[in-house]
Amino acid sequence: MDILGQDKREVFGGRSNSQVGLLLFSLVSLILLLSSLYAAEASVFKKARETALEAASPVLTFVSGPIGWVRDRVGDVGDYFRVLDQNKALREENAALRQWEDEARSLRSVIAALEELDVYKAPPSAKPINAFVIGEANDAYAHSMIVNAGSKDGAAAGLAAIDERGMIGRLVDVSANASRILLLNDIQSRIPVFVEGSFVEGLLVGRSTSNPTIAITMLANGDRIEPGQQVITSGAGGVLPRGLAVGVVSKVTEKEATVELSADYARTRLVRIINYDFPQVVETEAETPAEEPAEKVAPASQPAPPAAQPAPVVSQPVEARPQAAAATPPPEPVVTTQEPAAIVAPPAADEGD
Amino acid sequence: MSSRAENLARVARAATPTLLGIFGAVMLASPLRLFQGSLPTPLIPLVVVYFWSLYSPGHLPAASIFAIGIIQDLLSGGPLGLWPAIYLTVQYIAISQQSYFLGREVHVVWMGFAVAAMSVSVILWLFMSLFSGALLPIGGLVLQMLTTIAVYPIFAIVFGSLHRRVVIEV
């Protein structure tokens, strides 16, 4: 008892060995730091992070509840002042969405016709896992979020996470009941993307700024990335599904294109983890490597790899295509020859394995 | 029995700075998003470490600081050992300048905190740039440090009264 009582001053009040302790622990943290410099993904560190995640998730859930409540109230107050602007913006967005709705309806009839064909194989549907954001790294150089879904819910490292606006990142650490999402703007984030309109495949690299960039390594003649073009996940590498909305190109320089993300990390509260079974290529090309996420199909078409001719997205005569396909059913996946209507995207045939 | 409970209470009181630091680390991992995310969460553990290292280093031993930093590292998913190193550096700065700062006016101590925060920012930036292999932008870091420096006086007042009323037994 003396250790806890009378000698407390020596433990929590003494000064005698504070210098020694300081030196000792500085040394320990330096060694840790150096080892994580060389082996950041060492299994020991990963295990420690996952354990900490699991241990902290109830605490974070407990803390994030009131925070969310307060933020909702404060957010509401802000909304009252901006209600006119928001109304205007929403009306414009509504008009734009109505056009998309018309197009989606016509595309749906095309797809229905395509699905009648014998050669058509339905893509495996993605099963999204819904999760709430219970934590995030408020660190200048670490950009991640902690959500309350883990391996028990079917989450696994590498899966994509989206919110209602677009892709936010991918899962890195997964414990039983919680997982960490590495956001797209983290310096460690690398996501294969595709720029619509310019048919450029690239790697989206986090820069620790609010907007990541696409590293441009090589452009074929005539390929031009221009501001305003949509960026979607390309599905290259076979980890992420193709077609998740990522953002819009906002600035282009010689070496990189800055992408303004669709996701707004300050507003992300509910995320969906896309648990997507990649279709295995069983035989040569009997399988359609389709990569359509259930709900986040990017607005424009999903064209074939860069070599394809830049087919205008909207203006295709949609009725002609299924008939043509029905008349001469090609041996290959049907959709491969039908770029504009190809919600079921073809391209992974040469890149996705 | 009663003496045991008393002892426990004493230890809990003496461990208040450590618990505050851990609480600060948890707050850093919570989606606080002040002003719709436009203001970064202040680094409360940094204030805790500086404050108690200056006024009563015995109440915040290096082991506690190490624990606070490791918890922050584990929660943020960054390289392990980074925040312990930074907080221990702050403690070193505070302890080494203790004789200068003690008894000075509040704003001098505040300036000292600003200097300490800025020097560890440089270390943080250098290491993270080394870690990622590219020169990283400093905007976010500077904003976070400025926020922390700006809220320092408020926390210093709170911690001061907490120290007098809770940590040191009445």
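Predicted model: local features only at pLDDT ≥ 70, side-chain atom pairs only at ≥ 80, totals over all residues.
**Aromatic pairs, a barrel and a surface patch**

Over all chains, the structure holds 13 aromatic pairs. In the pair made by B:Y50 and B:Y152, the ring centres sit 5.8 Å apart and the planes meet at 75°, so this one is edge-to-face. B:Y50 belongs to helix α4 (residues 44–55) of chain B and B:Y152 to helix α9 of chain B, so the contact ties together parts that are 102 residues apart in sequence.

Another edge-to-face case is B:Y100 with B:F101: the centres are 5.3 Å apart, and the planes lie at 70°. Here B:Y100 is partly exposed, at 40% relative accessibility, whereas B:F101 is buried, with 10%. Chain B also has a cluster of rings, in which ring pairs link B:F51, B:W52, B:Y55, B:F155 and B:F159.

Turning to the surface of chain B, B:M118, B:I138, B:V142 and B:L146 make up a nonpolar patch with about 300 Å² of accessible area together. Of these residues, B:I138 sits in the loop between α8 (106–132) and α9 (139–167) of chain B. Its relative accessible area is 46%, so B:I138 falls in the partly exposed class.

Chain A brings in a barrel: 6 strands close up in the order β6-β7-β8-β11-β10-β9, with antiparallel pairing. From one strand to the next, the twist averages 45°. Within chain A, strands β6 (residues 190–195) and β7 (residues 200–205) run antiparallel and are joined by 6 bridges. A:P192 stands opposite A:L203 in β7(A).

Technical notes. Residues numbered from 1 in each chain as written. Chains lettered and ligands numbered in written order. Heavy atoms only, no water. Patch = residues over 30% accessible without salt bridge, like charges linked within 9 Å, V, L, I, M, F, W, Y side chains within 5 Å. Areas by Shrake-Rupley, 256 points an atom, 1.4 Å probe, with all protein chains shown as cover. Salt bridge = Lys/Arg side-chain N within 4 Å of Asp/Glu carboxyl O. Helix = DSSP H or I, 4+ residues; strand = E, 2+ residues; numbered from the N terminus. Buried < 20%, exposed > 50% of the residue type's maximum accessible area, 1.4 Å probe, protein only. Pairing = 2+ DSSP bridges. Axes fitted to C-alpha atoms, helices over the stretch in contact; angles between N-to-C directions. Phe/Tyr/Trp six-rings, centres within 6.5 Å; stacked < 30°, edge-to-face > 60°.
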